[in-house]
Amino acid sequence: MKSNRVLLQGSEACVRAAIAAGCRFYAGYPITPATEIMELMSRAMPKAGGVFIQMEDEIASLGAAVGASLGGVKAMTATSGPGFSLMQEHISFAAMAEVPCVIVNVMRGGLSTGLPTRPAQGDVMQARWGAHGDHPILVVAPSSTYEFFDLTVKAFNLAERYRSPVIVLADEVVAHTRESVVLPSAHEVEVEDRVRPSVPPEWYSPYRDPGTGIPPMAAFGEGYRFHVTGLMHDINGYPTERQDETEELMARLFNKISKDFHLLQWYDSYFEEGAEVTVIAYGSVARSALRAVRTAREKGMPVGLLKLKMLWPFMRRTVSQYLQSSRSVIVAEMNMGQLSREVKRVNQGTCPIHTLNRVDGRMITPEQILTAIEEELR
Amino acid sequence: MAPDTIKVGKHQIDAKEYLAPGHTFCTGCGEALAIRLACKAIGNDAIIAMATGCSEVCTSPLPVTSWQLPWLHTLFENAGAEISGIEAGLKAMMRKGKAPERDIKFVAMGGDGGTSDIGLQSLSGALERGHDFLYLCWDNEAYMNTGIQRSSATPYGASTTTAPAGKLSMGQSTQKKNLVEIFAAHGIPYVATASPSYPFDFINKVKKGVAIKGPAYIHVYAVCPTGWRTTSDRTIEIGKLATETGVFPLYEIEGGKYRINYEPKNLKPVEEYLKAQGRFRHLSPSEIAKIQEKVNEDFALLKERAERLPAG
């Protein structure tokens, strides 16, 4: 039997995942360290019968992806910090108009131009709150080549299921690391597609809640009257300022995701049995953390690792359990402390929380985390 | 004491280096050469705003800089906006007597991506508002800094990493955006094309550009051995070939009036230019014929304009 084992860069896994998930439209703009995704897409898309377009900037990139999705095609773009900033207005639009799309942000070091070739996790809060206005958002964070594949597929499924923009928050190390992985074959990949209208065009209201909170989505050109706007809109998609209608829309936008919080607890837990100290990490830092925790266990230290794969919505119910069962928690991340703020918010002061941060463009090493663990247990 | 100028034939060039050595441009980079010459033409009392790109990355590798002039890099899309603010702000300070009255030269620079794609909007705004500055576009015909991705200034037929040539694709399938005519259509006082392969013509144009009141735009042809798949010793030669074949004609538009600065009796066949570069290696004779036809057409159109609207 032919083995499915391949040596892949994270970026390659992301591209393969997108194709496997049914993505057939990519629009992007070159930016380090996300350019590989775009270069690979320029070859993969035509082969898959899809469309690849290089746009004139990142505003246009997400604009085109949103347009393609409204045309009925699964669409994505990929970028890094500066480009992600330019995309924020469209993210807000996609959340408001409920347009499924996937945005990959390969985080790089620093603010502004920063450290383009080095890793960071500085966009965690931006991924949640960067787009203007109250909006729900879904953000996943891969820590390995395999997870980049897995979570990209799932990101498309989430986008389709919830009619929402979904952000894959990778970092430079995850995107550039080459690893030997076994990827599922095409028929093994679970793919979800948006619900299409089953009513005749004259009965269709594009934003009417069918009871699930997620209205069936017609594609432009199918014969349905589909009016799309970033303004507050009624069930027909027409602008409204009526209080009952704006309230209903906002409630539905949030509820369609919050009703499923229990399904959106995506994490891996290691050595949790008897763990007095729990390390919380995500992205490439989780790899260093696993090594540190393993070494600590070998030395007989009661420590576990909680690796978060879903960052937003924040996994309150999962993290709370670890906060209750641990004597103390270490949150390690390559920023000045972003997700640790959420952990602290959920914690409500019940468990001592220590942060381990690094912002010099270097990875957090297993030694650093091990030292932090040893200090906790001293 | 070192001389202030170097004499080359009848030309005098500033002896001072404003772009210090130690930068990280590739060997044989046409852009590096162009920036060095342009700065000599601009001289002191200048402020440079630069868009993201090869020239930004290569002149300011952490933690050093090659710039001997005040220099600012902010983002990819906003060299036009930055220079607008610098010019308007400083002039307001001078007007109010809060800064000494001086003839400061405001210069913005960007690559073809930073000018034709992401930065087009901010530059168009700056030209329309009429700020007193010179914009220099270093056109190496792709995003070389991130690894040879196509831009809207990439010529038809060139292979790039996002417009790769292969069995099903002939590389870039669209025509190069005509930035010179786009900016000329803003009705600004001075627009020109220039090439470091013709250094004195280039230096004169930069001097003219900074001296003119109001916005000026110079489109500079920057041979890129790395991205164009040529050897680093052919930069000047390929630059000349581009002009001699009519691919990159040298001309000025002053107050809407045209002047062709270099017009060979007969244009060389464009094949000579294409064959010198690996990025065009895959082109079939029929594709080359198509490119030749387009070059002929464009050159004829330029000549027609120059005859209809001649500069004095």
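**Notebook: sheet, cores and a buried glutamate**

I began with an open sheet in chain A, in which five strands follow the order 10-12-11-14-15 with mixed pairing. I note here that the model is predicted. Strand 10 (267–270) and strand 15 (353–357) of chain A form the edges; each has a single partner strand, so one side of each is left without a neighbour in the sheet.

Strand 11 (residues 277–281) and strand 12 (residues 303–308) of chain A are joined by five bridges in the parallel sense. Within this region I recorded A:Lys307, in strand 12 of chain A, as the bridge partner of A:Ala281.

I then asked which elements pack on the sheet. Helix 9 (residues 285–298) of chain A does so, touching strand 10, strand 11, strand 12 and strand 14 (328–333) of chain A. The direction of helix 9 makes about 165 degrees with that of strand 12 of chain A. Helix 10 (residues 316–325) of chain A lies across strand 10, strand 11, strand 12, strand 14 and strand 15 of chain A. I noted an angle of about 170 degrees between helix 10 and strand 12 of chain A.

The largest has 95 residues, and A:Ile37, A:Met76, A:Val104, A:Leu308 and A:Leu311 have the most contacts inside it. Helix 6 (residues 145–162) of chain A gives the most to this core, namely nine residues. Both domain 1 (4–188) and domain 2 (269–376) of chain A contribute residues, so this core lies between them. Apart from it I found another core, of 35 residues, including B:Ala32, B:Met109, B:Phe202 and B:Val210.

Leaving aside residues up to four places away in sequence, A:Leu311 touches A:Val124, A:Val139, A:Val140, A:Ala141, A:Leu169, A:Tyr282 and A:Leu339.

My last entry is on B:Glu252, which is placed in strand 9 (residues 251–254) of chain B. Is B:Glu252 buried or exposed? Its relative accessible area is 5%, and because the cut-off for buried is under 20%, B:Glu252 counts as buried. I looked up the polar partners of its side chain: the side chain of B:Lys208 at 2.8 Å and the side chain of B:Asn261 at 2.9 Å. Among the other residues that B:Glu252 touches, I listed B:Tyr190, B:Val191, B:Ala192, B:Lys205, B:Lys257, B:Tyr258 and B:Arg259, not counting residues up to four places away in sequence.

Terms used:
Residues are numbered from 1 along each chain as its sequence is written. Chains are lettered from A and ligands numbered from 1 in the order in which they are written. This is a predicted model: local features need pLDDT of at least 70, side-chain atom pairs count only at pLDDT 80 or more; totals for chains, interfaces and linings use all residues. Side-chain values use heavy atoms; hydrogens and water are left out. A nonpolar core is a set of buried Ala, Val, Leu, Ile, Met, Phe, Trp, Tyr and Cys residues joined through side-chain atoms within 4.5 Å. Buried means under 20% relative accessible area, exposed over 50%, partly exposed in between (1.4 Å probe, protein chains only). Helices (H or I, at least four residues) and strands (E, at least two) are DSSP runs, numbered from the N terminus. Domain bounds come from an automatic or database domain assignment. Contact means heavy atoms within 4.5 Å. Two strands pair if DSSP finds at least two bridges between them. Axes are lines fitted to C-alpha atoms, for helices over the stretch in contact, and angles run from 0 to 180 degrees between N-to-C directions. A polar contact is a pair of N or O atoms within 3.5 Å; within protein, one must be able to donate a hydrogen and the other to accept it, and residues adjacent in sequence count only if both atoms are side-chain atoms.
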